[in-house]
Structure formats: structure tokens, C-alpha cells
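Grab a pencil and keep the viewer open.

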Amino acid sequence: MTGLACRIAAVGGTDDVSRLRRRSIGIAAAIAAVIAIVTPLLWTTWQPHWRAWWFESYINGVHTFGTPQPWLFPLFPWTAFAFAGLAAGFLLQTDWARQKETAAMFLAGVGGVMFAALGIWLDARPVQLYAVHDFWHTSPNFFLVRTGVVMVILLQDMHGAVGEQGSGVSVL
């Protein structure tokens, strides 16, 4: 699926690598957001019961139990993390990020803190967008928090790499 997203980004030519990276970042981030937003609906009101249980299990983890099982890893929401990672990877491969690696990692960490704070703030609002709210399994707010935590780990990883540069070993 991520390969298909990259192929879609390349439609119209790949002569300008910077433009291709920007399009890839945008498409990957948009797909991650759509998956995170649609997940609560696919686990509750839009459950695809009209398909065989094994097919539905790929979509929302329903398996043979009639309701989605949080211990399974279905396409929704888990593929959203793959697309978020794809966007982050392309972002870290931009010319600016390669030239200013420390600043790029620092901004990724700050962005991660902002994502996590936004997710927590949105979840604390008295009004929720979805009829069934399950913060720990399907909430887009928790997706923001988890994505933010991974982005903060990038900052920590950069800190480890800077500390080990003298030894010739780089974690990055």
C-alpha cells in the first residue's frame, strides 16, 4: 500500500526529486489521517458485516467473534502508522533535513510533543465526534499521541547519535 502511494506521488514525472518528496510526504500524511479518521467508524457503525469474517478481520479485526478484537492487528488503524512513518521518512530525506540533521530531528521531537499534546487535548473535550469512543483502540486522538511519542523517540535517537559520534558509531 505504501508503494502504491509512492507510485501515485510519482504520477506526472519524477524529474524533480524535491517535488516528488513533497508530494510523497503530502500523500502519505493524508492517507494516514484518513485511515485514523475512518477507523472508529469501521469498528462500529460502518462494520462490513456483509463480507466473510476473514475479510472483515483484515479491515477491523472482527475475527469470528462478531465485534472487533483490540488484540488483533487489522488494516484499520495499524496501516496509518506505516503511512505516518513513510511521511516522516521522506521528510527526513529532504535536502534541508540532510543538511540540518540536528535541527530536523529536534523539530521532529518538538512536533511529536505537539502531536501528543493535541491528541490529549482533543480527547479531553466534552464533545466527541464519534458515537462510540474507544480512546485506546480506535481514537484518532490516540493515533496522534502514539505518533507523537514515536517522533519524540527520533529526538532521543538523535541525542544518542550525537553522544556516540566521537566513537565513530552512529545510531542514525
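The exercises below work through a predicted model.

**Exercise 1.** Work out how helix α1 and helix α4 are oriented against each other.

*Solution.* Start with the ranges: α1 covers residues 2–9 and α4 covers residues 75–92. Their axes lie 10 Å apart and pack at an angle of about 45°. That angle makes α1 oblique to α4, since angles under 35 degrees would count as roughly parallel and 65 to 115 as roughly perpendicular. As for handedness, the crossing of α1 and α4 is right-handed.

**Exercise 2.** Is A80 buried or exposed, and which residues does A80 touch?

*Solution.* First place A80: this residue sits in helix α4. A80 has a relative accessible area of 0%, so it counts as buried, the cut-off being under 20%. Leaving out residues up to four places away in sequence, A80 touches A32, I35, A36 and F143.

**Exercise 3.** Which residues have the most contacts inside the largest nonpolar core, and which elements give two or more residues to this core?

*Solution.* The core has 15 residues, and those with the most contacts inside it are A32, I35, L42, F76, F83 and F143. The elements giving two or more residues are α2 (17–43) and α4. Now zoom in on L42: beyond four places in sequence, L42 touches Q47, P48, I59, N60 and F76.

Definitions and conventions. Residues numbered from 1 in each chain as written. Predicted model: local features only at pLDDT ≥ 70, side-chain atom pairs only at ≥ 80, totals over all residues. Heavy atoms only, no water. Axes fitted to C-alpha atoms, helices over the stretch in contact; angles between N-to-C directions. Helix = DSSP H or I, 4+ residues; strand = E, 2+ residues; numbered from the N terminus. Parallel < 35°, antiparallel > 145°, perpendicular 65-115°, else oblique. Left-handed = near helix turned anticlockwise from the far one by under 90°. Buried < 20%, exposed > 50% of the residue type's maximum accessible area, 1.4 Å probe, protein only. Contact = heavy atoms within 4.5 Å. Core = buried A, V, L, I, M, F, W, Y, C linked by side-chain atoms within 4.5 Å.
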